[in-house]
Amino acid sequence: MSLFDVEAVKADFPILRREVRPGVPLIYLDGAATSLMPSAVIDAMRTFDENHRANIHRGVHTLAEESTAQYEQSRQETADFIGCANPREVIFTRNATESINLVVNSWGRANLQPGDTVLLSEMEHHANLVPWQMLAAQIGFRLEFIPVSEDKLLDRAAFRQLLADHTPKMVAVMHVSNVLGTVNPLEEIISAAHDAGALVLIDGAQAVPHMYVDVIDLDADFYAFSGHKMLGPTGIGLLYGKQALLEAMPPFLGGGDMIKKVELRSFKVNDLPWKFEAGTPAITQAIGLAAAVRYLKHISMPLVESHSRELVDLAIEQLSGIDGVEIFGPGKGQQLASVAFTVRNVHPHDVSAMLDQVGVAVRAGHHCAMPLHHRFGVNATTRASFSIYNQEEDVSMLVRGIEQALAAFA
Amino acid sequence: MDDLYRQLIVERHKNPLHRGELEVVDFEFADENPFCGDHLHVMVHVDENDIITDAKFDGTGCAISTASADILMEHIIGKHVDEVKAIEKEELLDLMGIEFGPVRLKCALLSLKVLKGAVYGLEETES
């Protein structure tokens, strides 16, 4: 029933050859925390480090030319991947968190004043909460939150009311929830926010790995995501921003590469996108990210999305049948890649540790979304997340592990 | 199942002997496990010689952290406060008799951390 040869895909991920302990193969259902990397990505980074490694935008020797060309080529390929033809609008960061911090500290400091409002949502990851809280504490602007309804979706009516009541300067929400798996209606959110005069920042960390995202089509003003959740390495992330906005913003971090000219008491800022890339960036990782993008494109994003949805739907179906399991999500057909749940009388840590006994790696805890958990009256959940290297048998093993946990704690 | 969930841990988690509230609290402290947001509150009652006559805990936690708290409360009853101040983490781990990885070690040692907060008289109390 698979849409592509999952066995062949699995063979591309060397880590899946290991056993968690003797006789227990690894079943990795924690891609929403960080995904595995295929050989193509590992090899691309190794090839770069073994043959071309040099600092970029400095020096005119052969290696420096090669590494600069490859780094900028990676930017171009990643920009293409999210529908952006203009690489000046694509800034390499460390991760989605840093991308959001860049917008908060650069755009936020320059544009927000006491009395202004920034509209977030109750389902946000801490990455899209804490940076705003930190700046709000300094500047004194107001934070408002789109509520999450009982059916685990953003409350659209409340959103429109908040727009009307507060005319926020910025609406910052996630594309796909890292806990609920909910896919937020971005077209509606972005167009309503724009009509109300707000800019929109999207945290796309859980969307880009599993679905085709076209930032231009969406008309997002800023879009942030991480490389390590989309088969790429850690240490590389991306911020898309509309050129006119990025040009009007002050630089974020200062240092080498973000300047055209420096004097003892002044500097002249570099052009986009380097204006926001102070210091030596994660060059090898940028090369790796481009290889991840090529790997995903090779499978094709519509198939990647269908596969993630099929597995999560199968998991929802089977978990719903277990007495004592409660799912936190909008349900079948409405979740992308992730399903979070609780098991009666078994703490999520213990569920996760029991699953580890059968080789299944899942995440347990608050998933960096404590307010969302409190909204539903729980401290923590267990989350299984699916990617292209997972298959139906992995869902069966998940179910078996949960049944064992229930039995052990009964 | 493996060592991590041997009977002692599961039993202590399901039927803890020292979970609840103390009527008279002389020392107490509460803290969170940042990994999961779990919350642990430890209360201690001492006599005029600073000997611990009763100790209880409450809060939410996994089997490891609950069992660890229960075992620790049992361990300190009858001890002088100064002895409790001197408890090393190895002592508690020996009582539990399990090898932990770095992540679960935080769960296993949360009770000791909170207890130390109580006996050293840190300001923070139940929140």
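**The sheet and its surroundings**

Mentor: In chain A, 4 strands form an open sheet in the order 13-14-17-16, with antiparallel pairing; strands pair if DSSP finds at least two bridges between them. Helices (H or I, at least four residues) and strands (E, at least two) are DSSP runs, numbered from the N terminus. The model is predicted: local features need pLDDT of at least 70, side-chain atom pairs count only at pLDDT 80 or more, and totals for chains, interfaces and linings use all residues. Residues are numbered from 1 along each chain as its sequence is written, while chains are lettered from A and ligands numbered from 1 in the order in which they are written.

The edges of the sheet are strand 13 (325–328) and strand 16 (363–365) of chain A; each has a single partner strand, so one side of each is left without a neighbour in the sheet. On average, neighbouring strands are turned by 30 degrees against each other, direction ignored. Axes here are lines fitted to C-alpha atoms, for helices over the stretch in contact, and angles run from 0 to 180 degrees between N-to-C directions. Strand 14 and strand 17 of chain A run antiparallel and are joined by 4 bridges. Ala340(A) has Arg383(A) in strand 17 of chain A as its bridge partner. Helix 12 (residues 348–357) of chain A packs on the sheet, where it touches strand 14, strand 16 and strand 17 of chain A, and its direction makes about 160 degrees with that of strand 16 of chain A. Contact between two residues requires that their C-beta atoms, placed from the backbone, lie within 7 Å.

Next, the domains. The assignment for chain A gives domain 1 (6–30 + 301–409) and domain 2 (43–297); such bounds come from an automatic or database domain assignment. Taken over C-alpha atoms, the centres of domain 1 and domain 2 of chain A are separated by 28 Å. Their contact takes 24 residues from domain 1 of chain A and 21 residues from domain 2 of chain A. On the side of domain 1 of chain A that touches domain 2 of chain A, the elements giving two or more residues are helix 11 (301–320), strand 14 (338–343), helix 13 (370–375) and strand 17 (381–385) of chain A. Helix 11 of chain A gives the most to that side, with 6 residues. The residues of this side of domain 1 of chain A divide into 14 nonpolar, 7 polar and 3 charged. Ala, Val, Leu, Ile, Met, Phe, Trp, Tyr, Cys and Pro count as nonpolar, Asp, Glu, Lys and Arg as charged, and the others, Gly among them, as polar.

Elsewhere in chain A, helix 3 (residues 62–81) and helix 10 (residues 283–299) pack at an angle of about 40 degrees, with their axes 9 Å apart. Helix 3 and helix 10 of chain A are therefore oblique to each other (under 35 degrees counts as roughly parallel, over 145 as roughly antiparallel, 65 to 115 as roughly perpendicular and the rest as oblique). The residues that meet include Tyr71(A) and Phe81(A) in helix 3 of chain A and Ile287(A) and Val293(A) in helix 10 of chain A. By class, this contact of helix 3 with helix 10 of chain A has 8 nonpolar, 5 polar and 2 charged residues.
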